Amino acid sequence: MDHPPRVRVLKRVLGVVADSVDPVVELWRPYIDGLGNLPADGRFLLVGNHTQTGSVESLLIPYVVRRAIGVRVRPLADRQFGQMRGLPGDLLAAFGGVVGAPETARELMRHDETVLVFPGGGREIPKFKGEEYTLRWEGRSGFARVAVENGYPIVPVGLVGGDDVYRSLTSRRGAWGRFSQAVSSRLAGRDDMAIPLMRGVGPTLIPRPERMYLRFGAPIDTTTPVGVDAAGWAEVVKRRTQAQLEQILDDLLLLRQSDPYRRLSPLGWFRAARPESG
């Protein structure tokens, strides 16, 4: 795609930044494993979970993949975000993001690009109390259909930590939840973008210092077996992907329980949980 000059400039700037942020990332000591599951040719679809701000996973996953196998990840953005104008839209384009639509994903796959999708979309970002680390895919299976059509392996990737930066104080079915959903429906035409009441450090909106835990799962083969209906197979692939991603999240939550560095405590620096491979 031929971007306007301002986007090309931003793309170069982001490239320079990406090459120099290693010390900053290391300071936060993210736990990362499963890098051996990334196909070296870069031809695969990453399927992840959104967390509260929607930003940590959107930035950390492409950064880690680029450092590990040297490929650029192309995130598929929720239509509502992918059609933003002005500087936000230019930044998304410079970062490689495109509107999350089947035809866009097919085009990227025809060019063997590394693609990242969050099937829950924008609806998975605002987490009400009790919804932390749950997948809100609401029956969405388009990612699986496109992957099956193109014979693209799927690599589930789970992130734990992002849903703890802020604590949700309200439930979706409570008074505030119902009010927020009504406002969301009126302003955005959809009630799944409702915003819960949250707090960070103490009663403020200062983000809580939390360590991030990222895991790449084993690739899921999407090749349609002989004699199996493609549509039915896509549903099987979707269920397998969801089940594997949910297991990754459960395992990371368990691992985090005994990590002395969970809240980025300097006292736990050298005892922080690390992948077995070191």
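## Close-up views of a predicted model

**View 1. Arg-136 and its salt-bridge partner.** With a relative accessible area of 15%, Arg-136 is buried. Its partner in a salt bridge is Glu-138, and the closest N and O atoms of the two side chains are 3.6 Å apart. The model shown here and in the other views is predicted. A search of the whole structure finds 13 salt bridges.

View 2. Arg-106 and Glu-149 form a salt bridge in which the closest N and O atoms are 2.7 Å apart. Glu-149 belongs to helix H7 and Arg-106 to helix H6, so the pair ties together parts that are 43 residues apart in sequence. Arg-106 has 27% relative accessibility and counts as partly exposed.

**View 3. The salt-bridge network around Glu-210.** Arg-208, Glu-210, Arg-262 and Arg-263 are linked in a network of salt bridges. Within it, Glu-210 pairs with Arg-262, the closest N and O atoms being 3.8 Å apart. This pair links distant parts of the chain, 52 residues apart: Glu-210 is in the loop between strand E8 (198–199) and strand E9 (213–216), and Arg-262 is in the segment after H9. Both Glu-210 and Arg-262 are buried. Ser-265 is also found in the segment after H9. The C-alpha atoms of Ser-265 and Glu-210 are separated by 9.3 Å, although the two residues are 55 apart along the chain. Ser-265 is partly exposed, at a relative accessible area of 24%.

**View 4. The crossing of helices H7 and H9.** The axes of H7 (residues 142–150) and H9 (residues 230–257) come within 8 Å and cross at roughly 120 degrees. This angle makes H7 oblique to H9. The crossing of the two helices is right-handed.

**View 5. Loop residues with positive phi.** Most residues other than glycine have a negative phi. Arg-29 has a positive phi, near 50 degrees, and lies in the loop between helix H2 (22–27) and strand E1 (31–33). Asp-112 has a positive phi near 55 degrees and lies in the loop between helix H6 (102–110) and strand E5 (114–117). Arg-29 is buried, with a relative accessible area of 13%, whereas Asp-112 is partly exposed, with 44%.

**View 6. A nonpolar patch on the surface.** The patch is formed by Leu-169, Trp-176, Phe-179, Val-183, Leu-187 and Leu-197, which together have about 590 Å² of accessible area. One of these residues, Leu-187, lies in helix H8 (residues 175–188). Leu-187 counts as exposed because its relative accessibility is 73%, and the cut-off for exposed is over 50%.

Conventions:
Residues numbered from 1 in each chain as written. Predicted model: local features only at pLDDT ≥ 70, side-chain atom pairs only at ≥ 80, totals over all residues. Heavy atoms only, no water. Patch = residues over 30% accessible without salt bridge, like charges linked within 9 Å, V, L, I, M, F, W, Y side chains within 5 Å. Areas by Shrake-Rupley, 256 points an atom, 1.4 Å probe, with all protein chains shown as cover. Salt bridge = Lys/Arg side-chain N within 4 Å of Asp/Glu carboxyl O. Helix = DSSP H or I, 4+ residues; strand = E, 2+ residues; numbered from the N terminus. Buried < 20%, exposed > 50% of the residue type's maximum accessible area, 1.4 Å probe, protein only. Axes fitted to C-alpha atoms, helices over the stretch in contact; angles between N-to-C directions. Parallel < 35°, antiparallel > 145°, perpendicular 65-115°, else oblique. Left-handed = near helix turned anticlockwise from the far one by under 90°.
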